[in-house]
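Subject: Handing over a structure

Hello,

I am passing a structure on to you today, and I hope you enjoy looking through it. Could you open it first and then read my notes below?

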Amino acid sequence: NKYRRMTVMAASDSRSKSKPTFVHAQQALKKYFGYDTFHKTQEKAIRSVLAGKDTFVLMPTGGGKSICYQIPALILPGTTIVVSPLIALMKDQVDGLRVNGIHAQYLNSSQELNEQNEIIANFLDGKIQILYVSAERLLTPDFLQLLKKNTPNLFAIDEAHCISAWGHDFRPDYTKLSMLRHMFPKVPIIALTATADELTKHDIVSQLELDNPTQLVDSFDRANISLTVLPGQNRVAQIKDFLSDKKTQSGIIYCLTRKETENLAEKLQQFGLNAASYHAGLNSAERSRIQKSFVQDQIQI
């Protein structure tokens, strides 16, 4: 197909025309992120992806999981498709990448139709290095047809525990992602998560039908994180006490329902704390405003 050949050539022009090596990965790390070396698990994951192998990565939150697919995306010809479950997470990742000069975009329901069409055109023209989508969007017939016109260089399944009924955040559409292996058998898949016990890990590998994957598990020794369990009585009072000596710090409080997030934020505001609620019931403009304010330290909690 003439159009597809043109697309692939356009995607390749900005990156190495010879097969990328780990040296190229090191150069990209320095150029785009300012680091000289990878963590051991990152290096093993990147070497695996560059060898065309399926890969499973279990690393703690903040351990640098995203580097495992972002670096290959920068040196392989074509576009890496990243499956992510949260609009806020997509936006945060893309904003950070674009600040570093990386051609990244996301497609989700918060965008106007004309913006989505422009992103799709750029994808087909080979102008996007990393494209974030939800599992729900990825699996639509229209989007799968787009992928056939411009085959990705890599599929990255972020928050991969969502595929498992044993995981803490089960998403039914994740269970259909095995079709990627059947539709694009030559495209490697990297699955990444920070939360998976042995059963969940096995479930992820099995449901994605990863082909003899490299399996990497990083250390979870995090000296800067502590866990405490307290009785559930007088929760608001306990939260207020906990925050009393953290006036200059920012944090996130997770609640089980939208109503609870709104009620708690209102009570914290009454205590004189700079708090806001954030949940899927808000319209996209309000969610975006709150997220941006939190990132810029205009909202504390």
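Here is what I found, going from the whole protein to single residues.

This is a predicted model, in which local features need pLDDT of at least 70, side-chain atom pairs count only at pLDDT 80 or more, and totals for chains, interfaces and linings use all residues. Residues are numbered from 1 along each chain as its sequence is written, and side-chain values use heavy atoms, with hydrogens and water left out.

The protein has 13 helices and seven strands; these are DSSP runs numbered from the N terminus, with helices being H or I of at least four residues and strands E of at least two. Its radius of gyration, taken over C-alpha atoms, is 21 Å, close to the 19 Å from the globule rule for 301 residues, so the protein is as compact as a globular protein of that length. That rule is 2.2 Å times the number of residues to the power 0.38. Along the principal axes, the C-alpha atoms fill a box of roughly 65 × 45 × 35 Å.

Of the 301 residues, 45% are buried. Buried means under 20% relative accessible area, exposed over 50%, and partly exposed in between, with a 1.4 Å probe and protein chains only. Contact means heavy atoms within 4.5 Å; among contacts with a separation of 6 or more, 72% join residues 24 or more positions apart.

Just after α10, E209 takes a positive phi of about 55°.

S293 lies in helix α13 (residues 284–295) and counts as buried because its relative accessibility is 9%. Apart from neighbours within four places in sequence, S293 is in contact with Q298 and I299. A121 belongs to helix α6 (residues 113–124) and is partly exposed, with a relative accessible area of 36%. A121 and L146 are 25 residues apart along the chain, and their C-alpha atoms are separated by 9.9 Å.

I hope this helps you find your way around.

Best wishes
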